[in-house]
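Subject: Two-chain model, handed over

Hi,

Here is the model I promised you, sequence and coordinates together. Have a look at it first, and then read on for what turned up.

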Amino acid sequence: MRDSDMLTCLQMTRRYLLQKSGYGLGACALSTLFQQDCSAVGKGNPLAVRKPHFPARAKSVIYIHLVGAPSHLDLFDFKPELQKRNGELCPDEFFVGKKLAFIRKQPTLLGTPKDPRYEYKKCGQSGIEISNLLPNLQKVADEMCVIKTVTTEQFNHAPAQLHLLTGFGRFGRPSIGSWATYGLGSENQNLPGFVVLITGNVAGAGSSAWGSGFIPSVYQGVEFRSQGDPVLFLSNPKGVSVESRRRIIDSVNRLNQVEYADVADPEIETRINQYEMAYRMQTSVPELMDIESETKQTHELYGTLPGKPSFANNCLLARRLVERGVRFVQLFDSGWDMHSGVFKSLPKKCEQVDRPIAALLKDLKQRGLLDETLVVWSSEFGRTPMAQGTNGMDKVLTVGRDHHKEGFALWMAGGGVKGGHVHGKTDELGYAPVENRVDTHDLNATIMHLLGMDHERLTFKYQGRQYRLTDIFGNVIQEVLS
Amino acid sequence: MGTCWQISRVCPALVLAIVAIWGSNVEAADPVVQFITDVEPIFRKHCYRCHGEVQDKAGLRLSRRAAAFGVADSDEPVIIAGKPEQSLLIKRITDAEAGELMPPDGEPLSKQEIAILRRWIKSGANWPDSVAVAKHWAYQPVVRPALPKVDNERWANNPIDRFVLKKLQERGIKPSRETDRVHWIRRVSLALTGLPPTLQEIDAFLEDRTETAYEKVVDRLLASKRFGEKWAIGWLDLARYADSNGFQADQIRDSWAYRDWVINALNRDMPFDQFVIEQLAGDLLPNASFEQKVATGFHRTVTCNVEAGVHPEENRTNQIFDRVNTTGTVFLGTSLECAQCHDHKYDPFDQKDYYRLFAYFNNTPLEVKDTGGGVTWDFYGPKMELPLPPEKQKQRDILSRELAVLKEEKQKAEKENGKSYRKWLEKISSGEPRGQWQVLSVHNFSSTGNEEFEILEDGSILVTGPVPGKTVYEILARSKLKNITAIKVEALTHEKLPGNGPGRGDKERTNFILNELSIHLQQADRRSPVKISRAIADFSQKKWDVSGAIDGNPQTGWAIAPHYHQPHWAIFALSDPLDMQESSQLMLRLDQNYGHGRTIGRLRISAYSGDAEIPVLPDEIRKLAVKRERTKEEEKKLREFHRKQNRKLIELNNKITEIRDKLKKTEPPTTLVMVEMEKPRETHILSRGNYLSPLEKVTPGVPALFDTGNDQYPPNRLGLANWLVSDHNPLLTRVTVNRWWAELFGRGIVRTLEDFGSQGEVPTHPELLDWLASELRENGWSMKKIIKTIVLSQTYRQSSQFTNESEKDPENKWYSRGPRFRLTAELIRDNALAISGLLSDKMGGPPVMPYQPGGIWRSIGRNQPKWITAQNEDRFRRGVYIIWKRDAPYPSLVSFDAPDRTACVVNRSKTNTPLQALTLLNDPAYSEMAVGLAIRMLSEPRDKTDRGRIIYGFRLCLSREPKTDEIDILLDLLKQERAAIRKNPQLVKERVKIVLPGFPMKIGAPQETAVWFAISNALLNLDETITQ
């Protein structure tokens, strides 16, 4: 398109700037968007940057979800008493009248094996206890803020994922990443504001885990795939060269302009812009995904191999994404659901994620990005301090742990959280919080707070109700803020 | 930082201030502000949720007169009659300095609303003493309004136009000019059938100058089968219809018959009341027909969690919540969800109302079935078989009869077998002299692996020489026995073998795998196969049982890990004794095809004469048989063993299995239906919606608000359905016609299609809404009649161009223009398929899999389905038939705002994104369509010039003729693409190869097709192509 054409087109549009029917969004979206952003009026771009409610501590989030739920008791919440009483029948109150996913008979207690491989170490200056299974994270402990007392309402995977990520244990609500993008827009208009990276199978909640529920679907996460086109349909069909693609898009846009001159519907102008952005994405996304350009040191730090999809690659990509202003990056890694063989499988999974996550923290820090990037390690629930399957001397490699919603540990680092800090305490057997209980809504309220948003004010009106990520709950965990 | 937020709050008010100049009903037409009609609704919408009957934040209840005229916690008077600027009420909604701007949790009051409040206070804040605050408009009975008088009777050729014109005239807006015929037929074709008009249809309409030309088009479209396929989409969103369970084990399930039921019902113009009743309670109708039962699939489409460890009762409760909430949204335009946990904050529904509705749905069985120790579950619940085509049914009937006969025979055989038990037991326990084993004398040994061999003194064969991967041994041997009933194969150890054997491949793991053993009897020139009935071994490796050596399957066989380095044997009982003559020879063939030299190193073959049953008797059975006294268990074991030896029973069982397999393969498809349990469940209010915390017991009933004539309806789903369609429920008709209106105009008369409660928008044209609602009820509930009236209106016939006049109606709220909006996801694809000439008109049946990129379906869980792209016309069927897997719906539909169908969706968003551009530009499915369109442009037009072809393609896509500059843009592209292709002929091959296997059109001129592909690709991407 010639610039002069574009100019005419924009001048013609000015008349309608004030009337823009909000980008063709759902009825209720319009007014809400208008309220939030003066600067977006006229641009009509739902992903335009919007100011937060108050100064943000983090500009972006890298949210790592370990699908299936890692055994937090063997990683971040050391329980010597549990170890001591390993093999004893669990107290009645852990079992009687409780709903457990798999355990049906009163189980025994299961401690972390007394083996140097699984031992904990006090790390860094803060002395946070982290398992030897995570030797690299041990070295960045002073960046981490471990919350040991998270509780949830759901004990099956898919509902618990929905509960954590959308604030409600059933389908239909927007995910945390879509709320963040809806609230703040995105800094990079050549990339989606909310990007999802997956290793292994897709979580049970499916695309609802990054869906937009009833808010406009521009806010849903876009998966960048590790095989085939990173973004669906990004590459031209065979036989269509870059030049040809440019020519076709030019023709489409010129024809759309003719239509616009005639009909003057602002949607047409938006479409012209979207075709330009699609064209730019054809360059910006491959450039983003091409990690070969990273230095040798960086590859060594993460353990990445260009061209070989891995969790490590996704960590590096996450840094590249936030570096480019993407608002919310969500990593999913499956394979953590260890009902049996927890002590056999856990080391293997830890080995896959330990180095790249530690590398991510270091890398963000040395680039000065950690201050404005919130990194979250999460899972839909934790695992029981009780054994699933037979426990005993010769069963160390076969025994497992069931789903546990009464209390589990996760951690955050970077943008606005206290490094080297532990929040909350569970009982000596690791069953439930005894100090500073936190629920998943509190966690979400805190993440929103760090992004500069009041979770009670970030609302979307649907079916007569002002919906929010935290349903009707949630308190910011003040103690973890730096 | 609060500042920024506040600035941004003011901003929309500025925007709205401009709107208010022409937008305000009150200012323009009715200067007197009335409390009940003007003020109270504002309070209700913005204030009551915190300052009303349910909550009184800061001690203020604006719902009460005394409080409103009293003082707030801050001691300031809330409302001072005559002095708006001194009233705290006005300060708090306009002045951020006075404290956080109200309301803090939602959209601010519009400038217009603030003006109303100001004027009301200024004029004395008249608040009548005895305000019975009027019932919310939507809960009042539908009253058929009189048609308004308008100035321009000629324009208003249909009652709808009078209502619309009146509002336009009140606002001083002129309606738009009539759109031309081409635009109209395109608009109405896409709106009614979701497909563009064909060129013949356009031409016929242009030529038809009769008065009924427009009506004829509408009648044709309404009668088209494509109508139901288009209008089903929105209904299936409401019904959250999908083809999978949702959640972690997102397996496929069959309820597509319900989808077809919806399409057929819409095509037949089933009266809408019946449409509602059959879907909610078709099963409860007297003498319910097959179709009426299929209709109840409406509420069986709910998601179901069958991930391991789920608790079925919780799952069931969640499903009922979904049914109640969906019922509220679809038939009452009301969100009931809040009342699950507490009384509704804004609308007059309390928790008891909610659980009384819950009670209607609480009597259906569990929908998951325990398939593994209380932790593994499968999707279950009532299903119904669908009829098969007659041919298949006949085949099934024959099989069923055969099965019945076999079962009878089996029963007889069982009886006889029972009789023979004692005799058998006597025989095996009597210590009858054991027969004789005799080693066969080997006459010849040959093998396929070039091995060497020597015969040892004990008659065994030691295999030496090269160790092949796989091998086959053939042994020719003689026996002196006259009568042979069993053969023994021994795999022996030997010091010459690695690790002493018996296998040859490895000195640590000395395993062998005997995949198949077969025996032939050679008599003179005749060679006949010897049937083996049973095999037993001293030891069989797990999953490598010796029975695998005689099952005819080369993948299975007999192996002995981990019992290495020791001899093993296997005995094979023959079905019939072999009568051996002097010249008879036995030919044994041992297939060992596992590889890695897992072959036998030393073997010895013996034959047995005597009762074949004896040597193959497991030790355990032999011991049990001679026991004097046996426990019940032991006796059962013996009988079971005996039963399993019965050849007749074995044969019958094999036959039965075979027929059952065949029957399984021809099983009729099923569909999910609602079924009422014989004994209804008790329903309780659930504390905070928790199924483990039941409170007070409740009975089925409609919300108390509508408690009129409640008794005449039975307390079951049918009663609920009958009440919903009765005129005791004022919501159903309003909510329904409003959705249809929105489908045609892109926005509803009530803009919030999903909410007719106090927090929803008020109707722009309340009389029109009620007129349509009463039309529906009074005209036999015909959907097609309502749609016909709407699309034949002058309102619908307006041009959709923005004009100067449009500035007075930017959102087209008053219908001063014709509708113009992007097609919905499925229709974008249907439209492109129709344009490309690829669209299949095949209707109904199981869902289809068109092209999608690999790696989209990859969920966790058992029995995950695989995506197999259709290679036939199924690839080109309409979007409504595409398989809907909830955790990964069809990606190109998702790009265009299709929901995942996990929950009821009333109104899809209509976004405009770069991912949509990428889909239309590059999705191989759309590339294939572009090839189709290129072929059409090359083969169909009469005018074979470039210009002629462009005009033809342009009309296929946009219905209208292109303008000169539009033709020029495309000619320009054509010229450049021709040059590019001339320069690089390789592109021809690549572009033509874009089509997938099974492409039904013939590519005649590859080079030109490649050039015109670019034109097609551009045309299919035009905004106007995907806009209705």
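Let me start in chain B, where strand 9 (residues 483-491) and strand 15 run antiparallel and are joined by six bridges. Before going further, some ground rules: this is a predicted model, in which local features need pLDDT of at least 70 and side-chain atom pairs count only at pLDDT 80 or more, while totals for chains, interfaces and linings use all residues. Residues are numbered from 1 along each chain as its sequence is written, and chains are lettered from A and ligands numbered from 1 in the order in which they are written. Helices (H or I, at least four residues) and strands (E, at least two) are DSSP runs numbered from the N terminus, and two strands pair if DSSP finds at least two bridges between them.

**Strand 15 of chain B**

Back to that pairing: Ile487(B) sits opposite Ala607(B) of strand 15. Ala607(B) is also the bridge partner of Gln438(B), and strand 4 (residues 436-439) of chain B pairs with strand 15 in the antiparallel sense over four bridges. Strand 7 (residues 461-464) of chain B is another antiparallel partner of strand 15, with two bridges; there, Leu462(B) has Arg602(B) as its bridge partner.

Is strand 15 (residues 602-609) of chain B mostly covered or mostly open? Mostly covered: eight of its eight residues are buried (20 or more other C-beta atoms within 10 Å of a residue's own; 12 or fewer is exposed, anything in between is partly exposed, and the C-beta atoms are placed from the backbone). In a regular strand the side chains alternate between the two faces of the sheet. Here one side carries Arg602(B), Arg604(B), Ser606(B) and Tyr608(B), the other has Leu603(B), Ile605(B), Ala607(B) and Ser609(B), and all of these are buried.

**An open sheet, also in chain B**

Five strands of chain B make an open, antiparallel sheet in the order 5-8-14-10-11. Strand 5 (441-447) and strand 11 (526-530) are the edges; each has a single partner strand, so one side of each is left without a neighbour in the sheet. On average, neighbouring strands of this sheet are turned by 25 degrees against each other, direction ignored (axes are lines fitted to C-alpha atoms, for helices over the stretch in contact, and angles run from 0 to 180 degrees between N-to-C directions). At the strand 11 end, five bridges join it to strand 10 (residues 516-523), running antiparallel. Within that pair, His520(B) has Pro529(B) as its bridge partner.

**Chain A and the interface**

Chain A has twelve helices and 17 strands. A compact globule of 482 residues would have a radius of gyration near 23 Å, and chain A agrees with that at 24 Å (taken over C-alpha atoms; the globule rule is 2.2 Å times the number of residues to the power 0.38). Its C-alpha trace spans about 80 × 50 × 40 Å along the principal axes, and 63% of its 482 residues count as buried.

As for where the chains meet, 90 residues of chain A are in contact with 99 residues of chain B (C-beta atoms, placed from the backbone, within 7 Å). Which element of chain A gives the largest share of the side that touches chain B? That is helix 7, with 13 residues.

- Met102(B) to Pro103(B) is a cis peptide bond, omega near -10 degrees; Pro103(B) is in the loop between helix 6 (88-94) and helix 7 (111-122) of chain B.
- Ala561(B) to Pro562(B) is cis too, omega near 5 degrees, and Pro562(B) is in the loop between strand 12 (532-537) and strand 13 (568-579) of chain B.
- Ala264(A) is not a glycine, yet its phi is positive, near 65 degrees. It lies in the loop between helix 7 and helix 8 of chain A and is partly exposed, with 17 other C-beta atoms within 10 Å.
- Asn812(B), also not a glycine, has a positive phi of about 60 degrees. With 22 C-beta neighbours inside 10 Å, Asn812(B) counts as buried.

Cheers

Conventions:
Two residues are in contact if their C-beta atoms, placed from the backbone, lie within 7 Å.
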